[in-house]
Amino acid sequence: MVYGRFAKTRDDLQTVEAIICDVFAEELGLAGDDGDEEEFVLGALAFAGEEPAGAGRLLFDGTFCAIRDVAVLPQYRGAEYGDFILRLLIDKALTAGAQEIHLDALAGTEAFFEKIGFEPAGTLFELGGGQWQPMILKEAKPHTCCECGAN
């Protein structure tokens, strides 16, 4: 069973950052993102038992809402941890009143986000050594079925 929670303590926030760094910087060789100082940032964690398995962040500045850095450690991939983190962050964004949710998907991962209802919203761009596809969840109505992929 997948268990998760929002980061509540300094240790939780450090764990979120460590997982994101492990996946994006160390594993994929991508440069980090340090442009989030102006926005409200909320971290989320998913656990395999007591061990952190994945993390993600939600950024919100009062008008613009974005999900950033959904990352799952290699040994936990394929077990719904990424899906869980993404849906946890979407739920929080909806609760906060977001009308649209934006994210940048690493090229090749778009299908993961599309199955939940995100759509491409622009052209690929390069950042930090990777190519990214801007995506948007319009009207913040995620598809709730994980099996069929329909919107």
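How many disulfides does the structure hold? The structure holds 0 disulfides, a disulfide being a pair of cysteine sulfur atoms within 2.5 Å. Two cysteines can still be placed by accessibility. C65 is buried, at a relative accessible area of 3%, while C21 is partly exposed at 34%. Buried here means under 20% relative accessible area, exposed means over 50%, and partly exposed is in between, with a 1.4 Å probe and protein chains only.

Before going on, some ground rules. This is a predicted model, in which local features need pLDDT of at least 70, side-chain atom pairs count only at pLDDT 80 or more, and totals for chains, interfaces and linings use all residues. Residues are numbered from 1 along each chain as its sequence is written, and side-chain values use heavy atoms, with hydrogens and water left out.

Next, confidence. pLDDT is the predictor's confidence in each residue, from 0 to 100. For the protein chain the mean is 85, and 85% of residues reach 70 or more. Confidence is lowest in strand β1, residues 3-6, with a mean of 86, and highest in strand β6, residues 119-120, at 96. Strands are DSSP runs of E, at least two residues, and helices are runs of H or I, at least four, numbered from the N terminus. Where pLDDT is low, the predicted coordinates should not be read in detail.

Now the salt bridges. The structure holds 6 of them, counted when a side-chain nitrogen of Lys or Arg is within 4 Å of a carboxyl oxygen of Asp or Glu.

Take D69 and R57: their closest N and O atoms are 2.4 Å apart. This pair links distant parts of the chain, with D69 in strand β4 (residues 65-72) and R57 in strand β3 (residues 51-60), 12 residues apart. Both D69 and R57 are buried.

Strand β4 also supplies R68, which bridges to D104 in strand β5 (residues 101-106), 36 residues apart. The closest N and O atoms of R68 and D104 are 3.9 Å apart. R68 is buried at 19%, whereas D104 is partly exposed at 30%.

E119 and K138 form another salt bridge, with closest N and O atoms 3.9 Å apart. E119 lies in strand β6 and K138 in the segment after β8 (130-137), so the pair ties together parts that are 19 residues apart in sequence. E119 is partly exposed at 34%, and K138 is partly exposed at 47%.

Last item: D83, R87 and K115 are linked in a network of salt bridges.
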